[in-house]
Amino acid sequence: MIKSAHPHKRLKEHLFITVSFSVLILALLTILPAAAAVDSWEISPENPTLGDTLRIKGSASPEEEVEIQVSFEKDVQASGGEYEYILEDVKIPDGFNNRFTVQASDARNLNVRVKMLIWITKSSDASGNIATVTQSSVPPGTYQIKMDGDAKNGDSTVNLKITAVQRIKADSGGDFSYSYNTKAVPPGDFKVSVGGTTRKVTLKGKTLAITPAHPLEEIETVTEKNSSEIREKMENNTEAVLNSDQDSENVEHEEVHKSQPVKPQPVEKSGLPVDTVYMLGGMVAALLILILYSKRK
């Protein structure tokens, strides 16, 4: 009886080892392709600004399904024991193979309201310290999403973690691409995960117009400058007016002077009177005549 039990026990051990080894092989075959599905990927722009569209390109196995996750966090200050956060212009890309998840930490509950034609609300009570709402197969489009609920401790801060998941398929050559608009993402750090590999991206806020460090001083400087320019222009205008008045006075004086009759200036008496000159000329002529007449005779 002992000899017959021994082979049976050895058979059971051999069967157990075989099954365990098979399960291990199956697990490795399941895990390894998923981890190595994406060979490489890149994101551009590397330093995005709020509103930029992120473009993710990479390579994987031909016809492989690639999961892309974009997640960010936002601390929301509760007021009156309630919190609320609104995302505007959330763009869901084409395809229904997507998922949208919101986790609220330090909250009693969470409501996620999506405005399509009407407001559609999905709610969840907190389990422990976190309330989670997940919605899959969201139709493509641009939506307004509102997250609200009751804070756990009065006017405490509630941390919201928002994750958007999209599954895309690589083409026959193994190439894939994906676009994500950052208009609804708050400035700061957020994470992008492609095929299980995660990278941190820093989103910069839009730069405003540069204002002077001391606006009042700048205004005073501009005002003084404008005042000096106005003063200079007024002085120039005044000078021009005075000159024009003076010129007009000169012109008027000349015109008046021209219009008055000109008085004859007295001629200074110089030399002999006219009558005396005539008389002397006559005498000289008579004398010449007498001389010529006497010579002929």
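A pocket, on a 1 Å grid over the protein atoms alone, is an open set of points where a 1.4 Å probe fits, with protein on both sides within 12 Å along at least five of seven lines, and its lining residues have an atom within 4 Å of a point. The model looked at here is predicted, so local features need pLDDT of at least 70 and side-chain atom pairs count only at pLDDT 80 or more, while totals for chains, interfaces and linings use all residues. Residues are numbered from 1 along each chain as its sequence is written, and side-chain values use heavy atoms, with hydrogens and water left out.

The largest pocket holds about 220 Å³ of space, a volume being the space filled by probe spheres set on grid points that are joined across faces, edges and corners. Its lining has 16 residues, and Val114, Met116, Ile120, Gln135 and Val138 are the closest to the centre. Strand E7 (119-125) gives two or more residues to this lining, as do E4, E6, strand E8 (130-136) and strand E9 (141-150); strands here are DSSP runs of E, at least two residues long, numbered from the N terminus. The largest share, three residues, comes from E7. By class, the lining splits into twelve nonpolar, three polar and one charged. Here Ala, Val, Leu, Ile, Met, Phe, Trp, Tyr, Cys and Pro count as nonpolar, Asp, Glu, Lys and Arg as charged, and the others, Gly among them, as polar.

Next comes the second largest pocket, with a volume of about 190 Å³. Residues lining this one include Gln69, Phe72, Glu73, Lys161, Asp189 and Lys200. Strand E3 (65-77), strand E12 (188-194) and strand E13 (197-203) each supply at least two lining residues. The class count is two nonpolar, four polar and five charged.

Two charges sit over rings, meaning that NZ of Lys or CZ of Arg is within 6 Å of the ring centre and within 35 degrees of the ring normal. Arg199 lies over the face of Trp41, 3.9 Å from the ring centre, and Lys146 over the face of Trp119, at 5.4 Å.

Ser44 and Pro45 are joined by a cis peptide bond, with omega about -5°, and Pro45 is found in the loop between strand E1 (38-44) and strand E2 (53-60). Asp89, in strand E4 (residues 82-92), is not a glycine, yet its phi is positive, near 55°. Asp106 also has a positive phi, about 60°, without being a glycine.

Key. Helices (H or I, at least four residues) and strands (E, at least two) are DSSP runs, numbered from the N terminus.
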